[in-house]
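Trainee: I'm new to this one and I'd like to learn how to read it feature by feature. Could you walk me through it?

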Amino acid sequence: MPAATYPKFAKSGDTQPLRTLLVDNYDSYTLNLLQLLVRQLPEGASVLDSIVVIRNDQYSWATVRDTLLPHIDSVVISPGPGNPQRQEDFGVCGDLIRHAHLTGIPVLGVCLGHQGIAVAFGGQVRQCAVPVHGQLSPVELVPDDGEPGLFDRVPDMFKVVRYHSLAVSEEPGEFPAELKVLARATSTVRTLDPETNEIREVESREVMALRHRTRPLFGVQFHPESICSEHGAQIMENFGAIARYHHSSSKPSRAKAAALPSDVAALSLLAQDNRMWRHDDKPHGGLRLVYDKVDLSEYRGTDISGDLFARFYGGDDCAPIWLDSANSNSGGMSVMASAQTPGSITVRYSVHTRRVTAVRLSEEANSSNEPSQLDDAATFWTWMQGIVDQTRIVGPSINEVGFQGGWIGYFGYEMRHDTNRVPGRGAPKPTMAKDPPDQNQRDNDNGDRLPDAQLTFVDRCIVVDHKHEPPLAYVVALVAAAKGARSTPSWVGALGFRCQDEAADWIGHQAEEIRSWVKLHCPSTMAAPVVVSKLPALPAAMEPDLSRAEYMDAIARAKQWIAQGESYEICLTTQFRLPLQEAVIRSAQDMRSLYTFMRRHNPAPYGALLWMGDLGAGVASCSPERFLRTTKSNDEERWVEMKPIKGTSRRKPRPIDTADVEGWERDDEGRALRLQNDVKERAENLMIVDLIRHDLNWIAHNANVRVPSLMAIESYAMVHQMVTTVQAQLRASVGDVGALAHCFPPGSMTGAPKLRTMRLLDELESGDGRGVYSGCLGYFSAHGQSDWSVVIRTAIVDQGGARLSVGAGGALTMLSDAAAEWDEVETKLQSVLPGISQFKRHHHHHHHHHH
């Protein structure tokens with residue numbers, strides 16, 4: 001196929017940006033298309049002045065036609081769940097395609113958008129022989145004389161990523177005569193044979209691209225924006241050239257002032273989002289940081305974090321806080337604090353009532369401020385961003401550690417309902433899957449469950465820097481802003497030490513204590529490594545919300561939805577509970593002992609312990625997965641990084657007998673390699689990576705998200721995992737809370753597309769919601785950095801200490817085998833359970849002695 005001859009203007013520096021309308025069909029990949037569109041803007045052109053992003057049902061068709069389209073040069077229609085024949089799945093897109101056919105405006109439809117073009121001309125969309133999600137698949141071009149062409153400078157055979165269960169039919173009489181096929185799939189794809197449960201290869205010849213014979217309407221069934229698709233950027237560039245060519249030949253009078261009028265630009269989701277997050281990056285509130293460094297080189301034990309915590313916070317009955325990332329390759333930091341210091345406050349939020357409660361847990365002032373009701377325009381996320389902006393350090397901070405005082409806590413999974421209030425994140429009002437039970441409503445609005453979100457302001461803490469050799473402890477304190485500084489709500493002004501001298505006294509005393517402790521300290525026997533050769537069986541008393549049979553039924557239903565195009569990947573989970581008489585966690589000490597056993601069996605990069613004495617509730621987490629972190633570079637650029645884990649394989653324990661080690665190493669490397677090359681695991685990882693790129697493109701400066709490391713294998717004590725790293729520079733208007741809110745809940749815990757899939761999950765998962773599980777846990781440091789983990793491999797204690805729950809689950813695709821999926825749930829549970837059963841045995845034994 002000869003390369004098309006481009007009209008001269010396309011090369012001669014016509015820097016006029018195309019004004020593009022990108023219609024989002026509630027997909028989780030749309031903003032990766034935005035990234036490819038932004039790439040084509042001339043140097044210095046503004047995204048907001050050139051590209052309008054709208055949801056398919058955000059404005060009426062009349063508004064789109066009369067207000068938007070007169071200012072638009074080309075239209076891109078995104079992928080999305082469902083079927084273009086259903087109005088509620090496709091919104092204004094059908095009208096848009098028919099209108100473009102009449103007026104000649106160029107359109108590119110991707111996936112659902114591509115199918116919609118066929119449907120608009122009377123074509124049929126049918127289920128594929130085999131649904132394909134996240135698989136790389138070769139495509140062959142059909143020779144075409146259209147110029148300029150969508151596939152100019154693209155080889156005749158290339159590989160693309162496909163996410164679809166439906167395709168445009170070529171059965172006799174079903175493919176419209178006005179359209180022409182431009183490409184077909186040419187390969188076999190993998191499917192799970194329902195009879196044998198084996199993965200087998202099936203021929204796939206579906207239509208992969210088409211165009212209208214006389215109008216500039218183009219569709220591609222595959223995803224050019226996926227990180228693994230070849231030539232995606234070239235295809236999008238070709239579409240831009242087609243749109244330019246079209247304008248030069250049909251509208252020579254095109255006005256030169258091609259920036260969008262401001263009232264039109266304001267209709268874009270991105271513009272609305274900027275208005276919603278009025279984040280002020282100039283710190284005000286003015287906390288001052290005071291600290292001292294303690295050299296820990298004389299420490300002789302093997303667990304500095306555990307020993308220090310036991311010594312300095314072991315006696316805290318009320319509200320100890322411990323972020324325990326000693327063995328993290330990335331963080332290498334532990335934070336120890338208490339929520340009951342005088343300059344602290346704990347903020348709790350209930351999605352159901354939309355009430356924020358601020359509680360002082362300190363001995364002298366155990367008081368709760370009046371709960372404040374969020375106004376309709378606010379979400380807890382935007383409210384919290386305002387608070388974080390007011391509690392920033394002014395002046396110097398410590399370079400070496402990520403946390404220097406600030407907010408520590410969690411956002412539970414139900415915070416997704418509040419995320420949906422952010423413009424363009426779906427339904428404006430949350431539909432609660434299950435209303436929280438009314439009986440037993442205490443002041444925390446959630447009955448005896450944990451609050452949906454809780455954050456504690458930490459005004460003093462010990463931070464251990466494990467990366468430093470030998471390790472260092474920083475004793476950190478924050479001093480309140482000068483009197484007279486205005487703050488809303490008023491309690492913000494009361495956070496931190498009252499004056500520099502008080503802070504210096506506390507630091508001096510604490511540092512001295514640590515120094516003398518290190519000198520005198522004999523390593524505790526607690527820290528001796530425990531070799532577990534045989535994992536204990538499940539404690540008989542752990543009851544899953546969904547039994548094995550129910551879970552497997554849910555998998556079957558999920559796969560039906562995937563086959564119908566409702567989702568590409570569904571992360572199904574369930575909770576295992578130790579019921580009342582079994583779990584007796586009555587105190588902070590009990591909780592600490594539970595966490596100590598858990599971390600001993602399953603040391604993890606994002607360990608955490610929280611206990612809330614006033615609620616009799618706590619969190620003990622051994623999470624391996626970073627959700628999101630924000631950092632500041634030296635020149636004040638702010639960066640965000642996410643590290644999704646999808647793909648897990650169990651490791652055998654290392655043999656004690658050295659003679660067996662060599663065989664074990666071979667086996668272990670084999671397991672890692674099999675994981676690395678597993679088509680199903682790679683597809684799961686890819687879907688989440690593309691989803692995370694989309695989430696980050698919301699908040700990235702110039703929609704420029706990068707993937708420095710794709711599907712690397714990382715090995716932990718009990719499992720190998722497949723991990724990808726995704727990074728972007730943050731837009732100035734997005735603060736640390738905003739960054740988290742745009743990416744919440746973690747896509748690795750929902751599947752894709754996120755919104756539709758969460759609705760399906762509400763139908764599949766029983767019980768009273770996921771709670772804290774599947775949310776995130778971490779900190780907003782007062783110097784303007786943050787780090788959050790995904791709440792997995794975590795024990796949650798609630799109901800006044802009478803119930804212990806552990807969630808576990810896995811990603812379902814068409815390749816998932818139900819029995820294997822349940823095994824994976826048990827594998828994940830097993831990483832947490834040995835610690836729980838050991839705690840039970842130990843504890844049981846203990847309580848008898850008291851009587």
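Trainee: Are F309 and Y313 buried or exposed?

Mentor: Buried means under 20% relative accessible area, exposed over 50%, and partly exposed in between, with a 1.4 Å probe and protein chains only. Here F309 and Y313 are both buried. Keep in mind that this is a predicted model, where local features need pLDDT of at least 70, side-chain atom pairs count only at pLDDT 80 or more, and totals for chains, interfaces and linings use all residues. Residues are numbered from 1 along each chain as its sequence is written, and side-chain values use heavy atoms, leaving out hydrogens and water.

Trainee: How many aromatic pairs are there?

Mentor: Rings of Phe, Tyr and Trp (its six-membered ring) pair if their centres lie within 6.5 Å; planes under 30 degrees apart count as stacked, over 60 as edge-to-face and the rest as tilted. By that rule there are 26 aromatic pairs. Take Y299 and W517: their ring centres are 6.2 Å apart and the planes sit at 25°, so they count as stacked. This pair ties together distant parts of the chain, 218 residues apart, with Y299 in the loop between β12 (288-295) and α10 (304-313) and W517 in helix α13 (residues 500-520). Helices (H or I, at least four residues) and strands (E, at least two) are DSSP runs, numbered from the N terminus. Y299 is buried at a relative accessible area of 10%, and W517 is buried at 9%.

Trainee: What about the rings of F309 and Y313?

Mentor: Their centres are 6.0 Å apart with the planes at 20°, so this pair is stacked. F309 and Y313 are four residues apart in helix α10, which means about one helical turn separates them. Ring pairs can also chain up: a cluster links Y349, F380, W381, W383, W407, F411, F457, W491, F744, F780 and W788.

Trainee: Which residue lies over the face of Y413?

Mentor: A charge sits over a ring if NZ of Lys or CZ of Arg is within 6 Å of the ring centre and within 35 degrees of the ring normal. R770 does that for Y413, at 4.5 Å from the ring centre. The charged end of R460 sits over the ring of W506, 5.8 Å from its centre.

Trainee: How do strand β8 and strand β9 pair?

Mentor: Two strands pair if DSSP finds at least two bridges between them. Strand β8 (residues 187-192) and strand β9 (residues 199-204) run antiparallel over six bridges, and T191 stands opposite R200 in β9. They form a hairpin with six residues between them. In that turn, N197 has a positive phi of about 60°, in a residue other than glycine. With 41% relative accessibility, N197 counts as partly exposed.

Trainee: Which residues are closest to the centre of the largest cavity?

Mentor: On a 1 Å grid over the protein atoms alone, a cavity is a set of points where a 1.4 Å probe fits but cannot get out, and lining residues have an atom within 4 Å of a point. The largest cavity holds about 210 Å³. It is lined by 22 residues, with K646, I792, R793, G809 and K828 closest to its centre. β36 supplies the largest share of that lining, five residues.

Notes: 1 Å grid on protein atoms, 1.4 Å probe; cavity = no way out; pocket = protein on both sides within 12 Å on 5 of 7 lines; lining within 4 Å. Points joined across faces, edges and corners; volume = space filled by probe spheres on them.
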